[in-house]
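Please keep the sequence and the structure in view while going through the numbered points.

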Amino acid sequence: MARLLVQLKLRLLTNALRSSSRARVGFIVSTFFALVLAVGGFLLLAMLRGNAASVDLSATVFTVFAFGWLILPLLAFGLDGTLDPATLALYPLRTRPLAVGLLAASVTGAWPVANVIALLGVTVGLAHGALGVLVAVVAVLLQVLFCVVLARFITTGLAGLLRSRRGRDLGVFLVIPIFALYETFAQVVPRLAAEGKITATAFDGVDKWLRWLPPGLAAHAIQDASTGHAGTGLLRLGLLAAIVVVLGALWIRSLSHALVAVDTSTQGSAAGGRALPFTHAGIRGTVAGRYLIYQRRDPPSIMRWCMVAILMIVTTVSTIRTPHYHIGLFISAVIGGGMVGALNANAIGLTGPAFGLEATALTGVREMRAYFAGRLIALAAIGVPLLLAMSLILAIGAGHPASWLWIAPVDLGALGAGLALSSLFTVAVPYPMQRRVGSPVPTTGDGYGGQAFGSVFGSLAGVAIATIPLILVVNFTYSLSASVRIPLLVVCAAAYGVLLGWAGARAAAATAARTLPELTQIALASKL
């Protein structure tokens with residue numbers, strides 16, 4: 001069984017090189033990043049040699065790897081590496097041989113091998129002596145085995161949920177903390193490291209509880225064996241092996257249950273029906289009501305708003321605690337408005353085939369104006385309080401809460417510019433969207449990456465240009481009293497944002513009325 005499943009896994013990997021160009025590029029890129037992880041991880045751990053906190057840092061790295069094995073398979077559920085056990089339920093297979101085969105298939109491929117190579121850096125950075133190196137090799141193998149079994153246990157236990165609509169929604173929400181962690185690491189960690197604020201001693205407190213987790217047991221077993229405490233090191237390895245065995249037994253039990261349990265993930269659920277709000281206002285009100293409901297209920301929509309908030313924080317957190325904090329606040333406003341525009345710049349493709357039904361009511365320029373106006377009203381109803389709230393949080397974090405009063409006008413203008421550009425890009429460069437197996441969020445259709453990149457870049461650049469007049473007005477009105485300056489800025493910025501949004505909606509409506517058949521074809525090509 002193990003040999004057969006490993007052969008099938010290798011055949012899947014080789015077939016990826018013979019299928020579509022997108023799959024071929026994806027396989028090559030994935031393998032390249034696996035190689036980067038292997039080399040980078042090995043060098044990182046090897047550089048810890050002679051460091052007083054090498055065991056603490058090694059335990060931290062081991063834990064990060066385990067965390068990745070815990071989260072990422074949930075996002076890639078349904079692919080060959082995280083196979084749904086329901087696909088094997090109809091075959092006359094015994095559970096234990098099947099579990100061994102699935103485990104062998106899981107450790108086959110570039111990423112498991114990359115994990116082993118990366119973690120073997122402890123043989124240089126942490127281990128000392130022949131016994132230390134031997135224990136390090138065993139500890140790394142047990143660590144990787146623990147990660148793989150943990151991933152299989154989680155995906156098997158949650159298989160029923162993950163194949164359901166709620167499971168797909170869970171996968172979308174998992175993207176939010178991962179995105180936040182990535183952006184925080186990319187923006188904050190390099191700056192802190194350059195300032196010397198991240199040192200080995202900063203991990204001393206973390207290791208007090210990491211050492212009792214399975215990854216910590218592996219790292220400290222190497223340390224014990226290298227410092228002459230072979231008995232303690234072997235005891236830690238034995239405890240880690242016992243945890244792997246217990247986790248494997250739980251996985252086999254969960255797999256056995258999943259192979260015979262009734263699939264309830266496709267059963268319908270009762271849903272209460274309510275009238276769509278604002279329908280009395282015609283097309284404009286109907287579209288606004290529908291968009292408001294989707295922004296609240298659709299997980300990808302919630303994820304997009306969370307991404308806006310996260311980017312506003314992480315792109316400016318390094319500057320708001322400096323004397324030039326106002327630059328960071330201006331940047332956050334531009335980023336917020338630009339990302340609202342960029343993430344909503346393909347309304348036709350994101351709506352998908354449902355737009356075909358909506359198009360039957362959009363018979364002219366007037367109706368298209370109402371459509372885009374309703375959409376902008378709904379997005380502004382969420383975007384205005386979100387951008388204002390995030391700017392207030394940043395102003396408080398900068399230690400200058402009063403500065404929010406003159407950043408708020410820039411938020412309003414940036415949001416208006418972003419919404420205007422989202423309307424223009426929706427009709428100028430529309431592209432289909434699709435859901436792929438293993439991806440919890442809709443992705444760009446094949447061959448449309450250039451349009452997606454152009455929309456993002458164009459939105460950010462356009463909002464930055466459109467907010468320059470507001471920033472200049474804010475800087476040149478310091479001589480006015482606050483009682484006059486603040487209301488004047490807010491009113492003028494709100495009018496400026498509304499004017500931009502209105503102009504963008506009118507221009508988009510005129511274009512959409514001429515190209516409605518083409519837009520409908522793009523919507524029908526989306527696979528959502």
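1. A salt bridge, as the term is used here, is a side-chain nitrogen of Lys or Arg within 4 Å of a carboxyl oxygen of Asp or Glu. Side chains of opposite charge can pair when their charged atoms come close. The model under discussion is a predicted one, and it holds two salt bridges.

2. One of these salt bridges joins Glu358 to Arg290, with 2.9 Å between the closest N and O atoms. Glu358 belongs to helix 18 (residues 354-359) and Arg290 to helix 14 (residues 282-297), so the pair ties together parts that are 68 residues apart in sequence. Both Glu358 and Arg290 are buried.

3. A salt bridge also links the side chains of Asp224 and Arg236, at 2.6 Å from N to O. Here Asp224 is part of helix 12 (residues 214-226), while Arg236 is part of helix 13 (residues 230-260); the pair therefore ties together parts that are twelve residues apart in sequence. Asp224 is buried, as is Arg236.

4. Val25, Val29, Phe32, Phe33, Val36 and Trp111 make a nonpolar surface patch of about 560 Å². The most is given to this patch by helix 2 (residues 21-46), which supplies five residues. Val25 is a residue of helix 2.

5. Where is Gln434 placed? Gln434 lies in strand 1, which covers residues 433-434. Is Gln434 buried or exposed? The relative accessible area of Gln434 is 13%, and buried means under 20%, so Gln434 counts as buried. When its neighbours within four places in sequence are left aside, Gln434 is in contact with Pro442, Thr443, Thr444, Gly445, Asp446, Lys527 and Leu528.

6. Some values describe the protein as a whole. The secondary structure consists of 24 helices and two strands. Of the 528 residues in the protein, 46% are buried. The accessible surface comes to about 25600 Å², and carbon and sulfur atoms account for 71% of that surface.

7. A final point concerns contacts along the sequence.

Key. Residues are numbered from 1 along each chain as its sequence is written. This is a predicted model: local features need pLDDT of at least 70, side-chain atom pairs count only at pLDDT 80 or more; totals for chains, interfaces and linings use all residues. Side-chain values use heavy atoms; hydrogens and water are left out. Helices (H or I, at least four residues) and strands (E, at least two) are DSSP runs, numbered from the N terminus. Buried means under 20% relative accessible area, exposed over 50%, partly exposed in between (1.4 Å probe, protein chains only). Patches are made of residues with over 30% relative accessible area and no salt bridge: like charges are joined within 9 Å, nonpolar side chains (Val, Leu, Ile, Met, Phe, Trp, Tyr) within 5 Å. Accessible areas come from the Shrake-Rupley method with a 1.4 Å probe; for residues, only the protein chains shown count as cover. Contact means heavy atoms within 4.5 Å.
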